[in-house]
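Q: Hey, I've just opened this one and I'm new to it. Can you walk me through it?

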Amino acid sequence: MNPAVSMSLGTISGVLMLAASAAAGSVQALEITSPEGPTEMIEVFTSEGCSSCPPADAWLRGLVDHPQLWSRYIPLGWHVDYWNRLGWRDRFSSPEYSVRQRRYRSEGGVATVYTPGFVVSGDEWRNWFEDRSALPKLQTLDAERSGRLRISVDGDAFSGRYSLAKSGQVLHLAVLGFGLESEVTRGENNGRTLRHDFVVLDHRSYPLGAGATVWTGVLPKGSIPAPRYALVGWISERGQNRPLQAAGGWLR
């Protein structure tokens, strides 16, 4: 499907609180680290209002148990909002996520805007439409080009370190929800129960300050209940979508 086209729905510290130890009453410390070479950041642009999207969502869910999840594959599901006009409002959708997809088109990463749309490490990936069991081909390890990303979380605070950090770069953080379901009562998927993993519940960007080499800040706040959560971070140049390096991991 191919029509033309941010407000966050949830935020990280609220979700982290859901994952925290009840006895401790605070968020457990967490560190996620990228591998020594590049990761494949798999972005799927989808919508509950799109009848072509459930198979792509099912493919994305299949990555939950992949042995190279987080070590090489970093999946994210962005729910766009431009299908909401068909009668069903996707509760995970955001105008910000639609803008991200359109920016890929303006950068030349994708030819056009459509759902389901697959972007792997900044470039359009159409192999799924030919073979729905396909996975993106892993890049050749190149630690000098990709660098290493480390993100540490302690309570509501985070710090990010990137071995190739420089002025003009941006650290992005996204909290993902797993085991989510929706009973759709309108639109193209009327009457279907849709199941989702890797849903982006919130995304925030943190530019690197002048003269700084470490990103620090307070995690965003909010809440969208999900049985399980993960945290993903990635580096990009300012004003660009293409990831330079990414890291992800489960929230405990």
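This is a predicted model: local features need pLDDT of at least 70, side-chain atom pairs count only at pLDDT 80 or more; totals for chains, interfaces and linings use all residues.

Q: What holds strands of a sheet together in general?

A: Strands in a sheet pair through backbone hydrogen bonds, and the pairing can be parallel or antiparallel.

Q: How many bridges are there between E1 and E6?

A: Four, in the antiparallel sense, with E1 covering residues 30-33. As an example, Glu 31 has Ser 152 in E6 as its bridge partner.

Q: And what about E6 and E7, how many bridges there?

A: Six, again antiparallel, and E7 spans residues 157-162. Ile 151 is partnered with Gly 160 in E7, while Val 153 has Phe 158 as its bridge partner.

Q: What sits between E6 and E7?

A: Two residues, and the strands form a hairpin. Gly 155 is in that turn, with a positive phi of about 65°.

Q: Where do the side chains of E6 point?

A: They alternate along residues 149-154. Leu 149, Ile 151 and Val 153 point to one face and are buried.

Q: Switching topic: how many salt bridges does the structure hold?

A: Eight. One of them is between Arg 150 and Glu 31, where the closest N and O atoms are 3.8 Å apart. That pair links distant parts of the chain, since Arg 150 is in strand E6 and Glu 31 in strand E1, 119 residues apart.

Q: Are those two buried or partly exposed?

A: Partly exposed: Arg 150 has a relative accessible area of 37%, and Glu 31 comes in at 48% relative accessibility. Buried would mean under 20% and exposed over 50%, so both values land in between.

Q: Which residue does Glu 36 meet in a salt bridge?

A: Arg 148, at 2.4 Å from N to O. This pair also links distant parts of the chain: Glu 36 is in the loop between E1 and strand E2 (40-46), Arg 148 is in the loop between helix H5 (143-146) and E6, and they are 112 residues apart. Arg 148 counts as partly exposed, at 24% relative accessibility.

Q: And what does Arg 195 form a salt bridge with?

A: Glu 181, with the closest N and O atoms 3.1 Å apart. Arg 195 belongs to strand E10 (residues 193-196) and Glu 181 to strand E9 (residues 180-183), 14 residues apart. Arg 195 is partly exposed at 40% relative accessibility, and Glu 181 is partly exposed too, with a relative accessible area of 44%.

Q: Last topic, helix H2. Which of its residues are buried?

A: H2 runs over residues 53-61, and the buried ones are Cys 53, Pro 54, Ala 56, Asp 57, Trp 59 and Leu 60.

Q: What covers them?

A: The cover over the buried residues of H2 includes E2, strand E3 (73-79), strand E4 (117-120), helix H4 (127-130) and E10.

Conventions:
Residues are numbered from 1 along each chain as its sequence is written. Side-chain values use heavy atoms; hydrogens and water are left out. Buried means under 20% relative accessible area, exposed over 50%, partly exposed in between (1.4 Å probe, protein chains only). Two strands pair if DSSP finds at least two bridges between them. A salt bridge is a side-chain nitrogen of Lys or Arg within 4 Å of a carboxyl oxygen of Asp or Glu. Contact means heavy atoms within 4.5 Å.
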